[in-house]
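Subject: Structure handover

Hello,

Here is the structure I promised to pass on. Please open it first, then read my notes below.

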Amino acid sequence: MFIKAIVIYFFLINSIGFIIMGIDKRKSQKFKWRIKETKLFFIAIFGGALGIYFGMKKFHHKTQKPTFKVGIPILTILNLVIYIYFCIKIL
């Protein structure tokens, strides 16, 4: 049951990260209010780094910013290690 909850959380938080990157890219193209980078990193730190990373690649958004270019891949690896650790520990 706990693994199911982890999988659902992983899917939801990464979906949110991906969608938010698309929304932020769209807003930047229309010169509208943007989503703060701290909020994007907040989502990444709490498990959504993979979604943010795929959003960066798909929407070509924030790919030149050093904090995203380096930080998000590092957080993605850390997120995956934590998810795998919890899944193995539960089994």
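The crossing of α1 and α2 is right-handed. This comes from a predicted model. The two helices, α1 and α2, pack at an angle of about 55°, and their axes lie 7 Å apart. That angle makes α1 oblique to α2. Sorted by class, the contact of α1 with α2 holds 16 nonpolar residues, seven polar ones and three charged ones.

Next, the aromatic rings. Counting ring centres within 6.5 Å of each other as pairs, there are six aromatic pairs. Two of them are worth a look on screen.

One is Phe18 with Phe59. Their ring centres are 5.1 Å apart and their planes stand at 45°, so this pair is tilted. Phe18 belongs to helix α1 (residues 2–29), and Phe59 to helix α2 (residues 37–59). The pair therefore ties together parts that are 41 residues apart in sequence. Phe18 has a relative accessibility of 29%, so Phe18 counts as partly exposed. Phe59, with a relative accessible area of 24%, is partly exposed as well.

The other is Phe41 with Phe68. This aromatic pair is tilted too, with 4.6 Å from centre to centre and 50° between the planes. Phe41 sits in helix α2, while Phe68 sits in helix α3 (residues 66–90), so here the pair ties together parts that are 27 residues apart in sequence. Are Phe41 and Phe68 buried or exposed? Both Phe41 and Phe68 are buried.

Best wishes

Key. Residues numbered from 1 in each chain as written. Predicted model: local features only at pLDDT ≥ 70, side-chain atom pairs only at ≥ 80, totals over all residues. Heavy atoms only, no water. Phe/Tyr/Trp six-rings, centres within 6.5 Å; stacked < 30°, edge-to-face > 60°. Helix = DSSP H or I, 4+ residues; strand = E, 2+ residues; numbered from the N terminus. Buried < 20%, exposed > 50% of the residue type's maximum accessible area, 1.4 Å probe, protein only. Axes fitted to C-alpha atoms, helices over the stretch in contact; angles between N-to-C directions. Parallel < 35°, antiparallel > 145°, perpendicular 65-115°, else oblique. Left-handed = near helix turned anticlockwise from the far one by under 90°. Nonpolar A, V, L, I, M, F, W, Y, C, P; charged D, E, K, R; others polar.
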